[in-house]
Amino acid sequence: MNKTINYTRPFLYEYQKAILNSNARFTVTEASTKVGKTASHIIWLFEQALQLKENQSVWWVAPVYSQAEIAFNRMKAQVTDKNFFKANETKLKLTLPTGAIIQFKSAEKPDNLYGDDVYACVFDEFTRSREEAWYALRSTLTATNGWCKFIGNVKGKKNWGYRMAQRAKQGEQNFEHFKITAYDAAREGLLSIE
């Protein structure tokens, strides 16, 4: 049975649109805190899930369970129809009327990220996770040719996430780099800087 879903993309600032509409398979966004990276990427992941069929999955991956839970709760709050999802609070899993699945996972144990086929992913605060989590996640995206958006605050220069951001900045194939500062957010009216 075909289900019709009426969807209107919420308002996004220009810098958010640039990231979400990127044609790169992998976007790496280094951003200040409170500039709308989580809210905008929740929109992107939801849009990816809307394109899927029953039992196909998209993931939100965060360094720890409590951060994954924040995104889970925010996605539920951002959808106007509160009965739209079938929510599994224990597994941090949302099932759309089409049967597509949005899961919110922790990167704490990278081995737990292997196995499933994932069609799209947001890797939240990626610089705070171990590189092994990216290896596992990459394997789940390979069979589907799935896309991934990396978002996070800049955390040092001695981690794999920083090195990945530098490769994206230098134009590595399939990657695009974005940097958002508080000043960018203030210019568009999201933040007020005194």
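## A tour of selected side-chain contacts

Begin by selecting Lys 149 and Trp 44: the lysine lies over the face of the Trp 44 ring, 5.1 Å from the ring centre. The model on display is a predicted one. A further case is found at Lys 105, which lies over the face of Trp 59 at 4.8 Å from the ring centre.

Next, select helix H3, residues 65–78. Within H3, colour Ala 68, Ala 71, Phe 72 and Met 75, which are buried. They cover an arc of only 105° around the axis, which puts them on the same side of H3. The partners against which the buried residues of H3 pack include helix H2 (37–50) and strand E5 (101–106).

Now turn to the aromatic rings, of which the structure holds 14 pairs. Phe 72 and Phe 104 are edge-to-face, with 5.5 Å between centres and 75° between planes. Because Phe 72 belongs to helix H3 and Phe 104 to strand E5, this pair ties together parts 32 residues apart in sequence. Both Phe 72 and Phe 104 are buried.

Select Phe 126 and Trp 160 next: their ring centres are 5.9 Å apart and their planes at 65°, so this pair is edge-to-face. Phe 126 is buried at 1% relative accessibility, and Trp 160 is buried at 6%. Both belong to one aromatic cluster, whose members also include Phe 26, Trp 134 and Phe 175.

Finish at Thr 144, in the loop between helix H4 (131–142) and strand E7 (147–152). A polar atom of the Thr 144 side chain lies 2.5 Å from the backbone oxygen of Val 118.

Technical notes: Residues numbered from 1 in each chain as written. Predicted model: local features only at pLDDT ≥ 70, side-chain atom pairs only at ≥ 80, totals over all residues. Heavy atoms only, no water. Helix = DSSP H or I, 4+ residues; strand = E, 2+ residues; numbered from the N terminus. Polar contact = N/O pair within 3.5 Å; in protein donor to acceptor, adjacent residues only side chain to side chain. Buried < 20%, exposed > 50% of the residue type's maximum accessible area, 1.4 Å probe, protein only. Arc of directions from axis to C-beta. Contact = heavy atoms within 4.5 Å. Phe/Tyr/Trp six-rings, centres within 6.5 Å; stacked < 30°, edge-to-face > 60°. Lys NZ or Arg CZ within 6 Å of the ring centre and 35° of its normal.
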